[in-house]
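Okay, thanks everyone for coming. Let me put the structure up, and then I'll walk you through a few spots.

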Amino acid sequence: MTDETVVDAADDKITKDILVIAGVVVLGMIMSILDITVVNVALPTFQTALADTGETIAYSTVAWTVTGYTLALAMVIPITGWAADRFGTKKLFIGAVVLFTLGSALCATAWSIESLIAFRVLQGLGGGMLMPLGMTIMTKAAGPHRMGKLMAILGVPMLLGPILGPILGGWLIDAASWHWVFLINLPLGVITIGYALVALPGDNANGTETFDFVGFLLMSPGLAAFLYGVSKIPGTGTVGSAEVLVPGLLGLALIAGFVSWSFRPKHPLLDLRLFHDRQFTTSIIIMFLFAGAFFGALLLVPTYFQQVRGESTLKAGLLVAPQGLGAMLVMPIAGTLADKIPVGRIVPFGFLGIIIGFLGLCTSTSPDAPVWHICAWLFVTGLGMGGTMMPVFTAALRTLTDHEVARGSTLLNVIQQIASSVGVAVISVVLTNRLNDSDAIATNPGSSQALSDMGGAFQTSYIVALVIIVVTLIPVALLPRKQEEGLNAPQQPTMMH
């Protein structure tokens, strides 16, 4: 905006102008998040469609179509703050949508699993900027005093992704081909670009913040090397092999170097100084553990329905929908309550729902388990997820001062994407190793024993995710339970330009 607008901190209503801007932001986020869940249901198809005749690609390999995408998101998010300062949020947002749409078109032309992974990385480079840019745009428009309601709005893509993604992906694969999982993004991209050109306010790029090249060169390859090492564990069967240790340790060394370096520059790639805020740190730890376990396990559900239950991709997508419906019921309520009630009194109930849901899933992985049982547990898990994500986001940003919010949202998004990448990699490792241990799956994959062993492999994977969720209750107990502990940020008027 060219004129300065003062947002009265006492006015906590979401105005029409804010909703218009939110429409653009939500549409962009839907593109990015929807593409994760759309691809989830297509993984079994990739195992055969992109393999040589008569062969099947390993699950841990096709999972890189998800891991590579989320890793690219994590790599590009840190530079978003600098790029927004350099080019302006409106131009950068539109540019990110263009890059995402171009990556989608290239994914549809993939001729091998390697080319698909490469194009997914390009797609992720565009998609990675949409979430932090959207949060920055919305925070400027709504102000920190409406953070809970704001997070409820931004939670819409997280609701629609789990609901529509598997259904849309399954329908496109059954009705047409896997290529349409990516081609569907082309009209969405064009609509989003047109909407953004009209609705987003213009902002001036000032380019005052220097880019942390050293930090970028340490962190981005460090993350890539570490996750590449983790992905090699299923193929080697051991953590001690050179294929795992060399890239894994190199990645950890680069990440450690980044942590040491990040306290030197005035404008670091990621501002780790924010960890001095106790509530922000606690929320970051919760988000890392929660996102790794939850999204790692979420990846397995459509695959379970297809490989163990023999369902079509469309039906697998429909059967996953109850999880998103559960989140839809609770997330708006939790976002509104987060403005009125200490998050320490909200989040534990969300985790209780997730734990109950995961316990149910662990007992319902056999080939003859009633489908409605699984759907019911997914619904309960969704209820828990809806009561967890937005309050944790709110808790992380609420105690930061105005100028720290943008840096905090960037760091929070990086942690979430890293956690998702690690979670997908680790859970895929657990599943693949358990599948490789079964002689029945190797010799007679269609037998009842093989299906039983497959169910057991998914059960073990869910148990690992459940254990991580239970461990997360430790930092959850540290969230503020009194209102005054969670409202330390100055509630002064926010200036929007």
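So, Tyr462. Leaving aside residues up to four places away in sequence, Tyr462 touches Ala297, Leu300, Val301, Tyr304, Phe358, Leu361, Cys362 and Thr365. Keep in mind that this is a predicted model.

Helix 16, residues 300-307, and helix 23, residues 448-476, have axes that come within 11 Å and cross at roughly 170 degrees. Anything over 145 degrees counts as roughly antiparallel, so that's what we call helix 16 relative to helix 23. On the helix 16 side you've got Leu300, Val301, Thr303, Tyr304 and Gln307, and they meet Leu451, Met454, Phe458, Ser461 and Tyr462 in helix 23.

Next up, helix 19, residues 371-386. How far apart should its ends be? With 16 residues at 1.5 Å a residue, the helix should span 22 Å, and the end C-alpha atoms are 23 Å apart, so that agrees. Its buried residues are Ile374, Cys375, Leu378, Thr381, Gly382, Gly384, Met385 and Gly386.

Now look at the loop between helix 19 and helix 20, which is where you'll find Thr388. Is Thr388 buried or exposed? Its relative accessibility is 1%, so it counts as buried. Again not counting residues up to four places away in sequence, Thr388 touches Phe290, Val347, Gly350, Phe351 and Ile354.

Last thing: charges. How many salt bridges does the structure hold? There are 2. One pairs Arg273 with Asp271, with the closest N and O atoms 3.6 Å apart. Arg273 is at 32% relative accessibility, so it counts as partly exposed, while Asp271, at 6%, counts as buried.

Then there's Glu311 with Lys315, where the closest N and O atoms are 3.5 Å apart. Glu311 has a relative accessible area of 18%, and the cut-off for buried is under 20%, so Glu311 is buried. Lys315 comes out at 40%, so that one counts as partly exposed.

Okay, that's my tour.

How values were computed: Residues are numbered from 1 along each chain as its sequence is written. This is a predicted model: local features need pLDDT of at least 70, side-chain atom pairs count only at pLDDT 80 or more; totals for chains, interfaces and linings use all residues. Side-chain values use heavy atoms; hydrogens and water are left out. Contact means heavy atoms within 4.5 Å. Helices (H or I, at least four residues) and strands (E, at least two) are DSSP runs, numbered from the N terminus. The expected span of a helix is 1.5 Å times one less than its number of residues. Buried means under 20% relative accessible area, exposed over 50%, partly exposed in between (1.4 Å probe, protein chains only). A salt bridge is a side-chain nitrogen of Lys or Arg within 4 Å of a carboxyl oxygen of Asp or Glu. Axes are lines fitted to C-alpha atoms, for helices over the stretch in contact, and angles run from 0 to 180 degrees between N-to-C directions. Angles under 35 degrees count as roughly parallel, over 145 as roughly antiparallel, 65 to 115 as roughly perpendicular and the rest as oblique.
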